[in-house]
Amino acid sequence: MSIKFGIIGHGFMGHEHETMLTQMDGIEVTGICDIQPKQLEDVKEGIIRYNSAEEMLANPDIQVVIIAANNNQHLDLVTKAANAKKDIICEKPVAMSVAELDEMMKAVNENGVKFTVHQQRRFDPDFRTIKEIYDQKALGDIFTIKNQLYGFNGNMHDWHVYISEGGGMLFDWGVHLLDQLLWMIDAKVTSVFATMKNVINEEVDDFFNIQLVFENGITAEVELGTYYLKDQPKWFERHWFLGGNEGSAYVDGFDPEGRIVRTTGLLTNVKGSRTMTAAGPTRSFGNPREGLIVTEELPEVHTCHENYFEQFIKAYHGEEEFFVKVPEVRRVLRLMEAVRESARTKKSVDFE
């Protein structure tokens, strides 16, 4: 039997949910709500349109509510949905703070409803490619990971330009990039150092650089800039770099392209022998000799965002656990708060 869904918020993500879910087996979109009537004009035939969340939540047929409204509305809407005994999927970043999430969970637990967060980018093919290399230990001991996303327009849009509504790139994309790293690396984060800027936008962050040190020795860097320009193909997409003691890997673009890169032999260290070359005594920089650098194909992965809801259906029917768990979400929110503290104080922040 299909799970009957209601969607609160019919902006960009609300439309994305409608498009995806109306094409999936096991799900029926029963109602869509938005406080702006214009946003409901293109709702598909057969789906009930609501201008009030309370009215939609009163529909006994709706079992699961997806909350896709502005970030600052999540706490109120999650609380109302829980009190209406609806199971809930909330859009990331789920809450504006750890304290808000804790308040949400109080309502969720008191009402005994199911709750999870839409972190669909755990299924991004570029991320899953890097994760596969990491999980296989194909590069030996990893010492560095870089995760970068660059854009050309600079400006935010709609409510994303307002701090009060939860705008800015840390809430928008940073939550995805940090979630991917924390989900992939099974180790504590010992310290955080971050810079945040509003380069083009007046209020909200449109650039950040976050450096994380993990207890297992990995240093990770996450950088995003919405006005970070370069005349290089596929620059305005995502870029991953993974460095280990047995090679490196790079993955560029949401439709991933890249290689695993190795050397056929390391420099032999001869104590007391002086060697001068055009590249200097280390012979590690400049153009490598022919045959020294070799490449391998990336592993194949086959994931897409629909996988999130395919797994949700199984978990909803008790066949599996929910893919995105509340403690994981809470940890990412805590990390984002540490990022903001580091950026504000211009100092490293101890974490975990």
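Two residues are taken to be in contact when heavy atoms of each lie within 4.5 Å. The structure described here is a predicted model. On that basis, Ile-145 touches Tyr-134, Leu-181, Met-184, Ile-185, Ile-218, Thr-219, Ala-220, Glu-221, Trp-240, Phe-241 and Leu-242, with residues up to four places away in sequence left out of the count. Ile-145 also belongs to the largest nonpolar core, which holds 103 residues; within this core, Ile-145 and Phe-115 touch the most other members. Helix α6, spanning residues 169–184, supplies the largest share of the core, with 10 residues.

The chain as a whole has 352 residues, of which 52% count as buried. Its secondary structure comprises eight helices and 15 strands. Among contacts between residues at least 6 apart in sequence, 69% join residues that are at least 24 apart. The side chains include 36 positive and 55 negative ones, and the centres of these two sets are 7 Å apart.

Nine of the strands form an open sheet with mixed pairing, in the order β14-β13-β12-β11-β7-β10-β9-β8-β15. Strands β14 (293–296) and β15 (349–350) are the edge strands, each pairing on one side only. Within the sheet, β12 (residues 247–252) and β13 (residues 257–263) run antiparallel and are joined by five bridges. Asp-252 stands opposite Glu-257 of β13. In general, the strands of a sheet pair through backbone hydrogen bonds, in either a parallel or an antiparallel manner.

Helix α1 covers residues 12–21, and its buried residues are Gly-14, His-17, Glu-18, Met-20 and Leu-21. The cover over these residues includes strands β1, β2 (27–33), β4 (64–67), β5 (87–91) and β6 (115–118), together with helix α7 (306–316). An α-helix has 3.6 residues a turn, so residues three or four places apart point the same way.

Strand β1, one of the elements covering α1, spans residues 3–8 and contains Ile-8. Ile-8 counts as buried because its relative accessibility is 4%, and the cut-off for burial is under 20%. Apart from neighbours within four places in sequence, Ile-8 is in contact with Cys-33, Ala-53, Met-56, Val-65, Ile-66, Ile-67, Ala-68, Ala-69 and Leu-77. The C-alpha atom of Ile-8 is separated by 11 Å from that of Gln-36, which lies 28 residues away along the chain.

Two loop residues were also examined. Thr-226 is placed in the loop between β10 (219–225) and β11 (238–244). Thr-226 is buried, because its relative accessible area is 12%. Its contacts, leaving aside neighbours within four places in sequence, are Gly-151, Phe-152, Asn-153, Gly-154, Met-156, Met-169 and Asp-206. Lys-137 is found in the loop between α5 (125–136) and β7 (142–150). With a relative accessible area of 63%, Lys-137 is exposed. The C-alpha atoms of Lys-137 and Glu-246 are separated by 9.4 Å, although the two residues are 109 apart along the chain.

Conventions: Residues numbered from 1 in each chain as written. Predicted model: local features only at pLDDT ≥ 70, side-chain atom pairs only at ≥ 80, totals over all residues. Heavy atoms only, no water. Helix = DSSP H or I, 4+ residues; strand = E, 2+ residues; numbered from the N terminus. Buried < 20%, exposed > 50% of the residue type's maximum accessible area, 1.4 Å probe, protein only. Lys, Arg positive; Asp, Glu negative; His and termini not counted. Charge placed at Lys NZ, Arg CZ, Asp CG, Glu CD. Core = buried A, V, L, I, M, F, W, Y, C linked by side-chain atoms within 4.5 Å. Pairing = 2+ DSSP bridges.
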